[in-house]
Amino acid sequence: MSQTERTQEISIPALAGEPVLTGDVVWPADPRYDEAREDYNSRFDVHPRVIVFCLNPDDVRNAVRWATFHGVCIRPRCGRHSYEGWSLAEDGIVVDVSRMDAVRVDHATGTARVEAGIDLWPLYQALWNDGRVTIAGGSCPTVGISGLVLGGGFGLLGRWLGVTCDALLSVEMVTAAGEHVRASEDENADLFWACRGGGGGNFGVATAFTFRVTPIGLVSIYNVVWDWKDLQPVLRAWQKWAPGADDRLTSILKLTAESSGTVSSIGQLVGEGEELRHMLQPLIAAALPQSVEIKTVPYIEAVEHFAGIKPGHERWAAHWGNHLTAAEVPGANPFKNTSAYAYDLFGPDAIDRIVAALRSVPNDKGLVQLDAYGGAVERVAPDATAFYHRRGVLWNMQFQAYWTDPSEQDENIAWVEAFRRAMLPFTRGAYANYIDRGIADWPEQYYGGNFARLTEVKRAWDPGNVFRYPQSIPPAEVNG
């Protein structure tokens, strides 16, 4: 489809002079600047030229036009959770949509229009309050919906409902040409395909999404804890059980540093507690647990539980809108995370490498988390959306290191990278939302067989590579 054939909501006329930034514009001289440039991962110290808190799509368009006019690097930002801090750019413009956070549920169509700046906790709360509905998203309360859905999106409803982008019906976006367009199966279908798993910050600045919502009521949640010495039998039992469990159950295995003394599994069933207790028997039988907790609660209480929100906690709110700043988020510290997918069960060699890595963690905060896939995730073909890692995936591994003492940074980053490399013979691929500058072959690892098509979409919508960062999708080269 040519540029002139695309369906557009708004066309911006040719520039007649220097564009003007609108919205809440924060320059370096502004006393709010340091707070405005904070990132959830506090190991990054980046100084943008300007940060624009957009209040509507017009502010977004003006920011894109201004950046293009001045040749300034653009970084869209929603929840500040980019694992490598790439929603910031030194001397660039940050186009922050976090104040665009309205949610409107249409019960007649079973859909919700969600503005692009809302965080997950306020989103879940709004959907619950307006009709007891939800979407399958992540569990961290301050993650922004934009980054999550554009990169795929996985959480504790994943095996029941799929990844977040599977519920996406349309996206509204400001493109590199300064156009505000809508993309869906029927409009600009190439862009819509790419926005379902092709990663945030590649094709434009999202301003709103329309999701299919799902009714939900009670769910059952669990937490089982074992002695660390039982890691191997627990891992062997979990890997044979979790990816093939009832699709309503999504399970996570947390393998922590030996110095922590324990390993654990958590999860959620869309069903009753006694049913969950029966389902858990193969896992509980692996080794004598220290504790087993199972309870049935309203879904929103499960969301609060996994998010670490205490009963009666005030809604997430801070100076910049619905966000807490990095300094205000409990437990927000420097970290290094990365990922890999398991398509095959781990044999003795792979398990031995996991044990060895967890015995050599620089502190007791390091861990590897295994998120069970299967179910609804793999019922969608790998090329139906840009989110590729579906068929045959058993679980995603997330290698995680955290520290508070700056002197520990280098050894923690090195530990994560060494652990990831040690598991390469037993894994393939990585999750684009757990972006990692250390993955050299990231096009294949993140996007597999979908990468070539993504570069074609990039050429169609951003031929000048206006939206770019160190691992952004490049435009396909023009043959001839």
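Predicted model: local features only at pLDDT ≥ 70, side-chain atom pairs only at ≥ 80, totals over all residues.

Modeller: Residues are numbered from 1 along each chain as its sequence is written, and side-chain values use heavy atoms, with hydrogens and water left out.

Biologist: How do helix H11 and helix H12 run relative to each other?

Modeller: Helices (H or I, at least four residues) and strands (E, at least two) are DSSP runs, numbered from the N terminus. H11 covers residues 348–358 and H12 residues 409–422, and they pack at an angle of about 170° with their axes 10 Å apart; axes are lines fitted to C-alpha atoms, for helices over the stretch in contact, and angles run from 0 to 180 degrees between N-to-C directions. Angles under 35 degrees count as roughly parallel, 65 to 115 as roughly perpendicular, over 145 as roughly antiparallel and the rest as oblique. The angle therefore makes H11, relative to H12, roughly antiparallel.

Biologist: Which residues of H11 are buried, and how are they placed around the helix axis?

Modeller: Buried means under 20% relative accessible area, exposed over 50% and partly exposed in between (1.4 Å probe, protein chains only). In H11 the buried residues are Ala350, Ile351, Ile354, Val355, Ala357 and Leu358. Seen down the axis of H11, they fall within an arc of 165° (taken from the directions from the helix axis to the C-beta atoms), so they line one face of the helix.

Biologist: Which exposed residues does H11 carry on the face turned away from its buried side?

Modeller: The buried residues of H11 are covered by elements including helix H7 (231–241), strand S13 (249–256) and H12. The face turned away from that buried side carries the exposed residues Pro348 and Asp349.

Biologist: How far apart are the closest N and O atoms of Arg37 and Asp34, and is each residue buried or partly exposed?

Modeller: A salt bridge is a side-chain nitrogen of Lys or Arg within 4 Å of a carboxyl oxygen of Asp or Glu. At 14% relative accessibility Arg37 counts as buried, whereas Asp34, at 47%, counts as partly exposed. In the salt bridge of Arg37 with Asp34, the closest N and O atoms are 3.0 Å apart.

Biologist: How many salt bridges does the structure hold?

Modeller: One of them joins Asp462 and Lys458, with the closest N and O atoms 2.8 Å apart, and both Asp462 and Lys458 are buried. The number of salt bridges in the structure is 28.

Conventions: Contact = heavy atoms within 4.5 Å.
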